[in-house]
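Please read the following report alongside the sequence and the three-dimensional view.

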Amino acid sequence: MARPRQTIVSLEDTPYYHCCSRVVRKAFLCGIDKSTGNNFEHRREWVDSRILELATIFAIDICAYAVMSNHLHVVLKVDADKAKKWSDKEVLMQWHKGFKGTLLTHKYLKEEELNQFELQTVNECITEYRKRLIDISWFMRSLSEPIARMANKEDKCTGRFWEGRFKSQALLDEAAVLACMAYVDLNPVRAKMAATPETSDYTSIQRRINSAMKGEQPPELLPFVGNERLNMPNGLMFSVKDYIVLVEDTGRIIREDKRGAISSSSQDILNRLNIPADNWLKITTEFGALFKGAVGALPALTEYCEHLDRKRRQGAANCQRWLCA
């Protein structure tokens, strides 16, 4: 039975979550359907653009994503502190970037006079909007609904485009986050939709590689900020160069027609994560099959379950087997 979302998300334990949505019937409604020859490849661009657009609205950063032919993966980081620091006007401005708001919220931003009851109503809206802007359910809903409407209009039909619920899982530590990101970034390579990460269209790794070639990082994605230090900026550990090399090395190994090996820089990352190379390859190839619930080392998983009043640690055996050396 599917769990209510509030029993999955615990920002007290982690801001990182892996989400996956599939289209109905697992049909190729976003790519090329080999059985019919219909080409829906342009819809992957719709999804790609919408993911990046939502990152400018929500207080949720994009760590990694991959838009496939019949499903999508996205690794998110909820930035609750950013939402708390927004002023009331900033909350409304963010909300209005993607949603209509109300007549009163627009009047408030225009600094038009409001009576006490109207001002109270606006304050209630601000409180609700602030919560929604860090809510992954609202993020995924805002991603899926416009795509479904556009696809149904194009197909001249009605009904569901996406499955009823998206799947989500908490990523409880650095190893889980990096392994999940690599798993997501390598989706097209594993599916033989692309030969290399840099040719994987509609993925975060392609964006990171293209920006790295210019000596930059893509502004629409959560950046890599290096090793932990004082006054640490918001971002992912390690350098972007090391992560790209790690994904490249992993991609070459998992492809049967390539000869590859873990380089010294990639091995350094795995040593820091305390993950043996063989385990890393298993995780980045079968992450979705190995882990059905929260992912992380046993102490982190135990705390997560305690905070959510769970009596059992779902997936504890696989977390211990594959994430602990």
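In this predicted model, strand S1, which spans residues 16–22, pairs with S4 in the antiparallel sense, and the pairing extends over 4 bridges. Within that pairing, Cys20 has Lys167 of S4 as its bridge partner. The two strands belong to an open sheet of 4 strands, which has antiparallel pairing and the order S2-S3-S1-S4. Strand S2 (60–67) and strand S4 (167–170) each have a single partner strand and therefore stand at the edges, with one side of each left without a neighbour in the sheet. From one strand to the next, the twist averages 20°.

Helix H7, made up of residues 174–185, lies across S1, S2 and strand S3 (71–78), and the helix runs at about 35° to S2.

Which residues of H11 are buried? In this helix, which comprises residues 264–273, they are Ser266, Ile269, Leu270 and Leu273. Because these residues cover an arc of only 95° around the axis, they lie on the same side of H11. Ser264 and Asp268, by contrast, are exposed, and they are carried on the face of H11 that is turned away from its buried side. After H11 comes Asn274, whose phi is positive, near 65°.

The cysteines can be considered next. A disulfide is a covalent bond between the sulfur atoms of two cysteines. When a pair of cysteine sulfur atoms has to lie within 2.5 Å to be counted, the model contains 0 disulfides. Cys63 is in no disulfide, and the nearest cysteine sulfur, which belongs to Cys180, is 9.3 Å away.

| Residue | Relative accessible area | Class |
|---|---|---|
| Cys63 | 0% | buried |
| Cys305 | 3% | buried |

Methods. Residues numbered from 1 in each chain as written. Predicted model: local features only at pLDDT ≥ 70, side-chain atom pairs only at ≥ 80, totals over all residues. Heavy atoms only, no water. Buried < 20%, exposed > 50% of the residue type's maximum accessible area, 1.4 Å probe, protein only. Pairing = 2+ DSSP bridges. Axes fitted to C-alpha atoms, helices over the stretch in contact; angles between N-to-C directions. Contact = heavy atoms within 4.5 Å. Arc of directions from axis to C-beta.
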